[in-house]
Amino acid sequence: MAEFKGVMVCGETVEGKLSSITTELLGCGRRLADELKEGLLCILIGNQLGEIPQKAIASGADKVYTADDPLLKEYQTDSYIAVMEKVIKDVSPQILLLGQTAIGRDLAPRLAFRLGVSLSMDCLELNIDPDTKLLQQTRPVYGGNARAIFTAESFPQMITVRQKAMSPLEPDESRKGEIVPIKVDLDPAKIRTKVIETVKEEIAGIKLEDAEVIVTGGRGIGSAEGFKQLEELAKILKGAVGASRPPCDNGWVPDTIQVGLTGKIVTPELYIAVAISGASQHLAGCSSSKNIIAINRDAEANIFKEARFGVVGDWKQVLPAFTEEVKKLLAG
Amino acid sequence: MNMIVCCKQVLDPEAPPASFKIDPANNKVVPPPGVPPVISPFDEQAVEAALRIKDNQGGKITVLSLGNNLLRDVVKKPLSMGADELILLEDEAFEGGDSWSTAYALATAIKKIGEFDLIFCGRQAADWDAGQVGSGIAELLGIPSVTVAKKVEAVDGKARVERVIADGYQVIEVTLPALITVSNELGEARYATLKGIMAAAKKQPIIWKPSDIGVDPSQIGAPGRRSKLFKLFQPVREGKCEIIEAETPAEAGTNLATKLREAKII
């Protein structure tokens, strides 16, 4: 194991900036690296990275490897994996952290199989075992009903980390670090996919991931019309509207507002769950919210186990009165 | 168009959360009594993705399931939906695996099947939620993969895939043969028709043992694992919900707002 050293973060950029998951990974990576008394490394892949590597140093990295090439402008499995394979073989980190994002969940498993190592995806907690110095990898399983702690004795120990599960460091622009450009020979003929088009389905108003207040509806809302009432409440609270899976599957609301294990992971101050039963796979996306409020007809609904305050009753009667009173309180 | 779909039999994820129990001594989930297992929902949608291509341009769909003591009524469901053939990798040697040993066995079986243009998997299985087997099979076979698809079409020797990303989707073209993992955004899988169920009842699955696909026993099931399960547990829920009582639901709504103000939440 002596030859595997350092904790490496595979960073992501978004609109010319370090993405928030990357700063979270660097925050977590810094802690692990310090515990192991090793360095924190970061790899950034893209085109025209500019000042981004410096930002990674400010967020905790000791050394940033950059792969900057027009062929890497957009994520493609084959090109990014070629870069990662080379970097991992050259640098031999003992831990590799990626984000549980559209890129991470595509790149990580293929890379793990290429390298012949184990991988734990969507981790919520990472700790170094004091005896073995191996990484204990905690992740949700069974749709969030249970958690499992895994370990692996193949290196690097590969992990993807759930968004917002870790805290970033306060950026320190005076931190010093090294930036190492790496050269990768990419053969365009070996890239077997082509991005034809990227379609953004942005929802008007506040983004779900950034909202301090989220009003979410479930199957019991019954229709697209019903969601209008949730929108009204969300607007008054300056929040966003979310949904569990059934309203998305039924086409009442766009897929992009799904909260849950396979949708968005959100951590607002206030999460108002309306007509949501509280299936584990939904709770996996919202259970870290500061205050969960539940309105549901069924007193036995699972959501009440997560909620701080609840009303047992038909949302159609509860919500208008609640919305009216909230409006009054906020106006007063 | 030759298509292969990998389907996993899992404990029903829709079983009531209260029925979910763990046997901590063995780090195993205790199957809830009276709730039969199902095909993992994302895998059913993978079958649906293949069927939509078959509806449009014809083709053959072979379903591959791995496990031991698989329930015929469960694993035959893709046949009753319209798939053509079912191959079971069924042996106790396949038990206790992780993403590595499972992908290895499936990839080896797919090599034996030989001819394929598209392989479909669910994005993750409803039990371990690992999300690796699809990509792993593609890597082991050396073919391209597109993950988390919501729409798949086959045109001119290529597949055109809508891949879900955080704020929308990307349209990706990939050369064939390729592996696609399917997400719930694809839409609900079709129901089995009565005709389909009757046809499926007559079909016998093909059973392959480890020796039939020539796998090294040390690479499959529990011995083939590359991850170690250290502990399986249920997160503790605090369960201290204050229920707002009132004469009418509307009054409860009003009181809830007042309560949130008192607690300085709004």
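Select helix α8 (residues 315-331) of chain A and helix α8 (residues 249-262) of chain B, which pack at an angle of about 35 degrees with their axes 7 Å apart. Axes are lines fitted to C-alpha atoms over the stretch in contact, with angles from 0 to 180 degrees between N-to-C directions; helices are DSSP runs (H or I, at least four residues) numbered from the N terminus. The model is predicted: local features need pLDDT of at least 70 and side-chain atom pairs pLDDT 80 or more, while totals for chains, interfaces and linings use all residues. Residues are numbered from 1 along each chain as written, chains are lettered from A in the order written, and side-chain values use heavy atoms, without hydrogens and water.

Next, display the side chains at this crossing. Those in contact (heavy atoms within 4.5 Å) include Phe322(A) and Leu329(A) of α8(A), and Leu256(B) and Arg261(B) of α8(B). The contact residues divide into 11 nonpolar, four polar and two charged.

Now select Phe322(A) and Leu256(B), which, with Ile272(A), Val274(A) and Ile303(A), touch the most other members of the largest nonpolar core, of 52 residues. Such a core joins buried Ala, Val, Leu, Ile, Met, Phe, Trp, Tyr and Cys residues through side-chain atoms within 4.5 Å, buried being under 20% relative accessible area. Helix α8(A) gives the most to this core, six residues. Apart from it lies another core, of 37 residues, among them Val63(B) and Val174(B).

Finally, go to Arg72(B), in helix α2 (residues 72-75) of chain B. Beyond its neighbours within four places in sequence, Arg72(B) is in contact with Leu88(B), Glu90(B), Pro205(B) and Ile207(B).

Note on methods. Helices (H or I, at least four residues) and strands (E, at least two) are DSSP runs, numbered from the N terminus. Ala, Val, Leu, Ile, Met, Phe, Trp, Tyr, Cys and Pro count as nonpolar, Asp, Glu, Lys and Arg as charged, and the others, Gly among them, as polar. Buried means under 20% relative accessible area, exposed over 50%, partly exposed in between (1.4 Å probe, protein chains only).
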